[in-house]
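Hi,

Here is the structure I promised to pass on.

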Amino acid sequence: MPLIEVNGLTVRFGDRTVLDGVSFAIDKGERFGAIGETGSGKTMSALAIAGLLPDDAQVLGGIVFDNAPLPTVEKEMARLRGRRIGFVFQEPMSALDPLMEVGAQVGEALVLSGRAKDTPAQVRQLLDEVGLEAQHAQRFPHQLSGGQRQRVMIAVALAGEPDLLIADEPTSALDLITQRKVLDLIDRLCASRGMALMFISHDLKAVAALCTRVMVIKDGRVVEMANKLSIFGSPRHDYTKMLIAAGRHRARTLMRSPIGPPLLEVKNLVRRFRQPDISIFEPRPPLFAVNDVSFVLRTGESIALVGPSGSGKTTLARIIAGLDRATKGELVFDHQTYHGTDLPRVFRRDISLVFQDPFGSFNPRLTIGDSVAEPLRLEPPRLPVDIAERIEELVTAVGLSPDMLSRYPHEFSGGQRQRFAIARALITKPRLVVLDEPVSALDVSVRGEVLVMLNRLRADFGLTFLIISHDLEMVRIVADRVMVMDKGKIIETGTPAQLLEAPREKLTQDLVAARLPEVGIVPAS
Amino acid sequence: MSSLLEMLRRGWRGHWSLRIGTIAALVFLLIGFVSFVWTPYPIERLDVGSAMQGPSLAHWLGTDHLGRDLVSMVMKGTRTSFVVAAIAVAIGALIGVPLGLGAAAWGGPLEWLILRLSDFLFAFPALIIAIIITTLFGPGAINAMIAVGIFNIPVFARVARGGALSLKSLDYLAAGRLAGLSNWEVARKHVLPNIMSLIIVQATIQLALGILAEASLSYVGLGTQAPATSLGLMLKDAQTYVLLKPSLALIPGLTIVLIVIALNIAGDGLRDLLDPRLKRIGALRAAD
């Protein structure tokens, strides 16, 4: 007797079909995974179960929850959501009320589900269950880290003691170590409470680690559904095979220009941020985002900077690229000393930065072509024909077509935008490219392609890379050397193989341990 | 800008309030601007012999105490109101938006100064500023525009600063700076086009407020002066005869009310359409 049964669910917005005849069932206590790329409709199927679809959605097909069809009356649906279905959203910051202490939000969920007896004690117990301390109840969402916020979200979802927990990409906004902890937490909670789980993700490894039965969705249709072993062991559908293959990045050895003299020297760099005082009598010590960091980057080399979120990686990248200024210490780029924002204009074209979020890095009101060509103003003015030729060369080099240039950013997928962002970074023929988490905002299925492309570009253009990431696995493919950063300091340096096999520091060990096991056996293609 | 226009075109179909508001406001605008080339009667000509007439074929809304045709008066008055309010909005936007963008782009002491200046202006109601200006420079339509315009400056500065701050952490601004754009160029190229919708919405609302402000100023005799006319001035003139012939006050009064309501509805509709934050809240509420 399944807990929830979805029959031929079709969801349309106007003439756009998001879900097309999706059927599946989840048994009591079962762990069910839904895999698909961005836009495949996996979130919509979860929203449909929770009755949270937008108003303008046309819904066909039936959903049966515990032998009764989903109520159509909003009030009853809300009660069902409060007591029987828990929902964990992707982005905990926007799912929590910024003006309410998190303890109060958990308490509110208890009251609304009608299970509040001794609210403070219950809140304490729930927070304890998700691995938070009692003092966290008095904090506001912005005072917690991403992982802690997601734990609060889970506590809110658990308040009604639900029979089904829906988790929609609960870890994609988190770094690797936190992701592993949250996944372990969900795993433990489902086991101890006997809850059914619907886990939605584009990350096959996460689904494989957590679920027993898996559904693969593509363009609103279920392409394959079976238990975990047969999906990952002997995928039948080509799309599933493609997803599994894309999950494993193959390093390719390419001809590289030999590693030359030092290109960038970072000397005892410090970046301090003033923190708002607790009160006028209790000043808070400044935050050292980057604390005495020194390293040398040689021409043609590729260094990866790895660390959990908040370790100061991005601040360091922004100083090197000239967007922020160091409090102390200096940088030397090709015999030119600078401290960040005072990078001389003639050198600006030599250092470029690729941003993490491909959705925020393009002005929505400019065509992609205009955005890609923007850094060319750093060069002496040239003929429009030459500029067009250069843009065309780079857009082709990142694997896209020049006739896309007149379109606007919203018309492209995340992977395409990140390719354009890389093209923009390379348009001035820079010597050093700083890549700030270049693939972490992308679907797992396109990460591999982008990394392989970066490798190729590095060989073709003779580039020097500084790559920032929280994922050791990813870095293995593109980096010659890895620096592990924690709390503003570089704590360990080595080749990727060294760090993966014999990590010395605790954090490195955690990073290595947080890797999820590889899935499936894929025939070499 | 093309996507803004496209968004307007798409929203036009769904939003009744936007349609009704915009059409009504445009009708009044048309009525006002026809008076540039044609009015049924010239309003400068006084004809005391035909004063205080009721509605007739010759005078659709009747005549006032000086025998002027009320249709012509309303047409001219609407025009004056729109022109004064529009120029006041232009003054406010042209000065306020750059100030707000500058405050957001540079921060620090400049931002503090701009914010405190706007607090200072906010502390005085528009009417008080207008009274100060008109006592200093004499009453008249131009001084009324300036007075209302000054009141608009901090409003636009705040809107522009708020919009710019919400964009500040976005990477394309950083990308612009990496490409060697100065603070000012980043604000103009990357920030302004993306907060344009906010400014347009604020402009419609300030237009409505400006019409109201012009009417109040003229009503207390600090705005438009005879022989020109405005809706507020008509109200003022009608005051004496309101018991004798209430329609003298009702007609300009209702016109003001209708214009302001039309502009506010259009402004609200535009805001719903253009402000994605509100749209999302609306969608969430609907889902609850």
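Bear in mind that this is a predicted model. I started with helix 19 of chain A (residues 506-513), where the buried residues are Leu507(A), Thr508(A) and Leu511(A). They span an arc of only 100° around the axis, so they sit on the same side of the helix. Turn to the face pointing away from that buried side and you'll find the exposed residues Lys506(A) and Ala513(A). As for what the buried residues of helix 19 pack against, the partners in chain A include helix 7 (176-193), strand 13 (302-306) and helix 17 (472-478). Strands 19 (481-486) and 20 (489-494) and helix 18 (496-501) of chain A are also among them.

Next, a helix pair in chain A. Helix 4 (residues 102-112) packs with helix 6 (residues 146-158) at an angle of about 20°, and their axes are 8 Å apart. Because of that angle, helix 4 of chain A counts as roughly parallel to helix 6 of chain A. Their crossing is right-handed. On the helix 4 side the contact uses Val102(A), Gln105(A), Val106(A) and Ala109(A), which meet Val152(A), Ala155(A) and Val156(A) of helix 6. By class, that contact has six nonpolar residues, one polar and no charged.

Last, where the chains touch: chain A puts in 22 residues and chain B 18 residues. On the chain B side, helix 7 (171-178), helix 8 (183-219) and helix 11 (276-287) each supply at least two residues. Helix 7 of chain B gives the most, with seven residues.

Cheers

How values were computed. Residues numbered from 1 in each chain as written. Chains lettered and ligands numbered in written order. Predicted model: local features only at pLDDT ≥ 70, side-chain atom pairs only at ≥ 80, totals over all residues. Contact = placed C-beta atoms within 7 Å. Helix = DSSP H or I, 4+ residues; strand = E, 2+ residues; numbered from the N terminus. Axes fitted to C-alpha atoms, helices over the stretch in contact; angles between N-to-C directions. Parallel < 35°, antiparallel > 145°, perpendicular 65-115°, else oblique. Left-handed = near helix turned anticlockwise from the far one by under 90°. Nonpolar A, V, L, I, M, F, W, Y, C, P; charged D, E, K, R; others polar. Buried ≥ 20, exposed ≤ 12 C-beta atoms within 10 Å, placed from the backbone. Arc of directions from axis to C-beta.
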